[in-house]
Amino acid sequence: MTQLDALTSTRPPSSEHRDVLTQRRADRFERVEPRGRRQHTARERAELFCDPGSFVEIAPLRTAGSTGGAGVVTGWGTVAGRPVVVASHDAAVASGAIGAVFAETVQRAQELAIDRGHPIVYINDSGGARIHDGIHALHGCGGIFALNVKASRRVPQISLILGPCAGAAAYSPALTDWTIMVKEQGQMFLTGPEIVRAATGEDATADEIGGSGMHTRTSGVAHLEVEDEDEAFDRARRLLSFLPSHVGGRPAAVQAVPAPAEAVERLPHVVPEKSSIVFDMHDVLDGVLDADTDGTGRLELSPEHAPSVITMLARLDGRAVGVVANQPLRRGGVLDAKASVKISRFVDFCARYDLPVVTFVDVPGFLPGTVEEGRGVITQGATMLRAYVEATSPVLTVIVRKAYGGAYIAMGARSLGADLTWAWSGSEIAVMGPGGAVALLHRRALRDAEDPDALREELAAEYREKVARPYLAAEAGILDDVIHPEETRDRLVQAVRMLAPEPA
Amino acid sequence: MSTTPAVADVVSNVWKLLTERGAQVRQGDVLAVLESMKMEIPVHAPVGGRVVEVPVVEGQIVQEGDTLVLIETD
């Protein structure tokens, strides 16, 4: 009789320890019906976000007390076959409050992602720091923030807001790259309605203080508003499809799709002759970028915040690119403090992940006045200049109509380091618009004229043709070329192939 | 019954008013054209309904967020 035989024969296979584990798992994974508008439990959310069957939980038996788990479900799975790390707050355990164990659990997941170079997706649903854990809770929250910052130099981070995220729980999303909120379900605020009322007397609902409308339109704290949890997962997965897994990595390759023929044919007619008439910049983008055949080829970020500018992930020749554009249809396409922050943040992000930045310009200028100066538009505008200067990915700029003054520079001008710049043949580039320039240059003549209005118009037309047309800039080498609108896509595709070649 | 304002989205001059009290409007109709930064910026009806108030006049300077037209919906 061998030793092994002796063991197995003298100890009949007891199932007691197996039963214990089975029971432990049953207790821990017991489904707690989600409250309120919530659709799924924390664990279900992590599973639904990842490719089917791919989610693996880290330390599922970790506990913060006698009942319940750590208050957060962490683990990894895949999205379109690529690994991602997930941290999903468990609102069924103390309303998802962040205690010491919760924080430790999240930090372990963050460190794993940073070490191995995988994106992190945070599914947030937390009332904030766990008061019972006192200073340990605060210490833990701070630790999560510090790793958010460390991770931001290494891997994409996306936050989904699927419940109220108060106090400390609101800061972590703000330190990540992109935040997606579910309408009438997700909220972010430093202080909830009761404390607001007690502190200042302001009477406001949770949604007014920190709902998806507030944050995707007014504050810009969140970048996408969606209808439900499943749509939030879909958007986050789509976002990841444009990105590499980590800094220095490469996004998944996608088949190039030419721009639709009818959109290209329409291109020369999109921009109205008269420079004061608005148009939809999306019509220009449609004639230039890869066609979005199935709704997954483009993702506009912050579409309703600072809507005078567009920031969008898209594809050109099958490669992911970041598109920045003025949107004349909204507020005339003007730049202001909020638009500057929106653009600078986007350009920074694209550059960090080697996405070419393609900028389409039709800008009437920076909005002047006391309100904007009071908002610090000088500082915010400078942030935008800095973002373009520091961008290490290819920067390509197309002036489609007006580019005046400081706004011309700010919209990815050659002087800020754009690799290649073009202007459409009908565009205008100058220190100021014809009206203002003529008033300054011909003050005396206009004062003495019999019909100043007629003279002003005549001089403005002359200025537009002789000074503002793009040929002066092209002759000076400040523009690489003056092009027809329908040539734009080819120029950009050729440029991207040269500046960011596929590795052999 | 509730009312919804169409607001100025940028500091501007009310260049043209294209509606009046009592008019029926559909969502997306152009109610006014603002002039700012030498751009003609159309203001669209956020909802369909009946115009109950137009608290501005042509030539008036308006700030971001100011109500231009008040629309009553059923």
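Two residues are in contact if their C-beta atoms, placed from the backbone, lie within 7 Å. The exercises below concern a predicted model, in which local features need pLDDT of at least 70, side-chain atom pairs count only at pLDDT 80 or more, and totals for chains, interfaces and linings use all residues. Residues are numbered from 1 along each chain as its sequence is written, while chains are lettered from A and ligands numbered from 1 in the order in which they are written.

**Exercise 1. Place A:Arg414 in chain A and list its contacts beyond the local sequence.**

Step 1: A:Arg414 lies in the loop that joins helix H16 (405-410) to strand S15 (420-424) of chain A, where helices (H or I, at least four residues) and strands (E, at least two) are DSSP runs numbered from the N terminus.

Step 2: Once neighbours within four places in sequence are set aside, A:Arg414 is in contact with A:Thr421 and A:Ile478.

Step 3: With 18 other C-beta atoms within 10 Å, A:Arg414 is partly exposed; a residue is buried if 20 or more other C-beta atoms, placed from the backbone, lie within 10 Å of its own, exposed if 12 or fewer, and partly exposed in between.

**Exercise 2. Determine how the buried residues of H5(A) are arranged around its axis and what covers them.**

Step 1: Helix H5 (residues 134-152) of chain A has 19 residues, which should span 27 Å at 1.5 Å a residue, and its end C-alpha atoms are 28 Å apart, which agrees; the expected span is 1.5 Å times one less than the number of residues.

Step 2: The buried residues of H5(A) are A:Ala137, A:Gly140, A:Cys141, A:Ile144, A:Leu147, A:Asn148 and A:Ala151. Because they cover an arc of only 125 degrees around the axis, they sit on the same side of H5(A), the arc being that of the directions from the helix axis to the C-beta atoms.

Step 3: A:Gly134, A:Ile135 and A:Val149 are exposed on the other side of H5(A), while the cover over the buried residues includes helix H4 (100-116), strand S4 (120-124), strand S5 (157-161) and helix H6 (168-174) of chain A.

**Exercise 3. Trace A:Ala236 from its helix into the largest nonpolar core.**

Step 1: A:Ala236 is buried in H10(A), as are A:Glu229, A:Ala232, A:Phe233, A:Leu239 and A:Leu240. Seen down the axis, the buried residues of H10(A) fall within an arc of 125 degrees, so they line one face of the helix.

Step 2: Apart from neighbours within four places in sequence, A:Ala236 is in contact with A:Phe49, A:Val121, A:Ile158, A:Leu160 and A:Ile180.

Step 3: The largest nonpolar core has 160 residues, and A:Ala236 is one of those that touch the most other members; such a core is a set of buried Ala, Val, Leu, Ile, Met, Phe, Trp, Tyr and Cys residues joined through C-beta atoms within 7 Å. Helix H13 (residues 337-352) of chain A gives the most to this core, with nine residues.
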